[in-house]
Each structure stands twice: as structure tokens, then as C-alpha cells.
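I opened the model to look up a metal site and the strands around it. My entries follow in the order in which I made them.

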Amino acid sequence: MYIGNHLSSSKGFEHMGKEALKLGANTFAFFTRNPRGGAAKEISEDDANKLRALMEEHHFGKLVAHAPYTMNVCAEKESVLNFSRGVLADDLARMEYLPHNYYNFHPGSHVGQGAEKGIELIADALNAALKPEYQTIVLLETMAGKGSEVGKSFEELKAILDRIELSDKVGVCLDTCHVWDAGYDIVHDLDGVLQNFDEIIGLDRLCAVHFNDSMNDCGAHKDRHQKIGEGKIGADALLAVAYHPLLAGRPFILETPNDDEGYAREIAMVRNAEPLAK
Ligand SMILES: [Zn+2]
């Protein structure tokens, strides 16, 4: 299986690949720029190529890059919209240095404009940024439904996907904490949730998983991640997700509150659970 965590990109691409190997990972996530800011570092093509070689040598799964939290392509304010559209376009151009990976983003918060309007704006931003020659798949993340977040239901995500002209360049990243917080009971009815996803969106479009426990109850709409096995979802239910045959082959990214040692432990725990998960 492909599992890893979020790594800091401050020392470059190849450094992240080496860090991932140290943690026992064979995929990872990274912020394309400061998650709370805007400026992006200059990309070194040589550094990107070194990471590509390392990934090939060590049989990595696809990477799951993450857009900054400050990007909201369905904001109401013109200045935020313009900034966000610029970040999206720039990030997708930069992802071409690491072709055939994923770029995940939070669809956004409609801040009182209504989900319908939010869905329209998100689709408009994607249609403006995507290019036929791009080799990245852009992933919409499932959201907890905190505040005015768009993407709290499979129906909302489907409504965005349906409006994308280059539809083979978009997919979904399922965040276990977020879907649980949004009201999808993956503890008692994982098969039912996946079936629901398949009927509405199609499991072929579920490309990656953000693998987190939750501090809150199902349907709480809170979005507070917890370490695997220390939250309300629990280790058994999460391992059932990790080893569900319908999700085989996807990269699983930990976004749990951990240090390196904690991530290495969680990665080993999930890997070693394979024979137990039936
Ligand atoms: Zn996530």
C-alpha cells in the first residue's frame, strides 16, 4: 500500500523523498507554498528530476500536493478571488515539473453566497486554470461542512465535477475525518458510504485518501484531526478503510497531529495491520 504524511518542502523536492523513506513512507504530501501565505519558491528542475528518480527507484505511489489554505476560489471578495485564481493557475503550471501526480485543494467557502454560487465559482476557476496538456489530476477534497464550506456532500462535489470541461483532469480526495464530521458513518457502514460515493460520483474518481481520526462525533461539522486510534473513528474502522478492496492502490496521506516519530509509528502500524484486516 501507499502511505505517507505531509512533509515540509522548505529544503526542496529530493529532500522530501529522502525524509519519506526515513519514515517508512512511499508517498507524501506537501504544500505547494506557505499554507497560510501566498509566495511560492522558485522550482529547481534538477531537484524535481532527482525526486522523480528516487520515486521510481523506491516504487512510490502518486504524490498528493496540497494547495494553501488561503486559496478560496469561491470567495466573495474580488481580491481574494483574484489571488486564489492566480495561485491555482500558478500551482498547476509548477506541478508539471512533477508530472502524473495529484494536486489537492479545499473547494472553498462560499461565505454566504450559497452553495450553488460557490459550486459555480469553483468550476469557473478550474475551467480557467486547467489546460489540455497538463498531466496533473486536480482533486477536490471532501469537507467537514464547517462554516460555509462547499464539498461537504458527495452531491456538491459531483455538481462541481459535472461542470468541468476537461473532466478527465479532476477527481476527489476523501478525507476520513472530514466525511465522518460531515455525517458519513464510516464506522458502522463503510460499505454503504462507499456505495453511496460510487452511485453519486463513481469510485473511479476517488483518487486519494487523507487518513485521519477525528476528535469529534459523526456529523459534528468540526474538522479537528486526531491521531489514528485516539479519536472517535478509531483504529479498527480506519484500518478497514485502509484495506478496503475498493480503495486499493490509492495513496493514503496522514494529516494527524504528530511529530516524525509519531508518523513513522502510524505508518508502521497501518502497514503491519494488513494481515489482520479482513
Ligand atoms: Zn485533508
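**Strand β6 and the zinc site**

I began with β6, where Val170, Val172 and Leu174 point one way and Gly171, Cys173 and Asp175 the other way, all of them buried (under 20% relative accessible area, with exposed over 50% and partly exposed in between, for a 1.4 Å probe and protein chains only). Strands here are DSSP runs of E of at least two residues, and helices are runs of H or I of at least four, numbered from the N terminus.

I noted that this is a predicted model, in which local features need pLDDT of at least 70 and side-chain atom pairs pLDDT 80 or more, while totals for chains, interfaces and linings use all residues. Residues are numbered from 1 along each chain as its sequence is written, and side-chain values use heavy atoms, with hydrogens and water left out.

I next looked up the neighbours of β6: four bridges join β6 to β7 in the parallel sense, with Asp175 opposite His210 (strands pair if DSSP finds at least two bridges between them).

At the zinc ion I found Glu141 (OE), Asp175 (OD), His210 (ND1) and Glu255 (OE) coordinating at 2.0 to 2.2 Å; donors are N, O and S atoms within 2.8 Å of the metal (3.2 Å for Na, K and Ca), and sites may look incomplete because water is not among the atoms. Glu141 lies in β5 (residues 137-141) and His210 in β7 (residues 206-211), so the pair ties together parts that are 69 residues apart in sequence.
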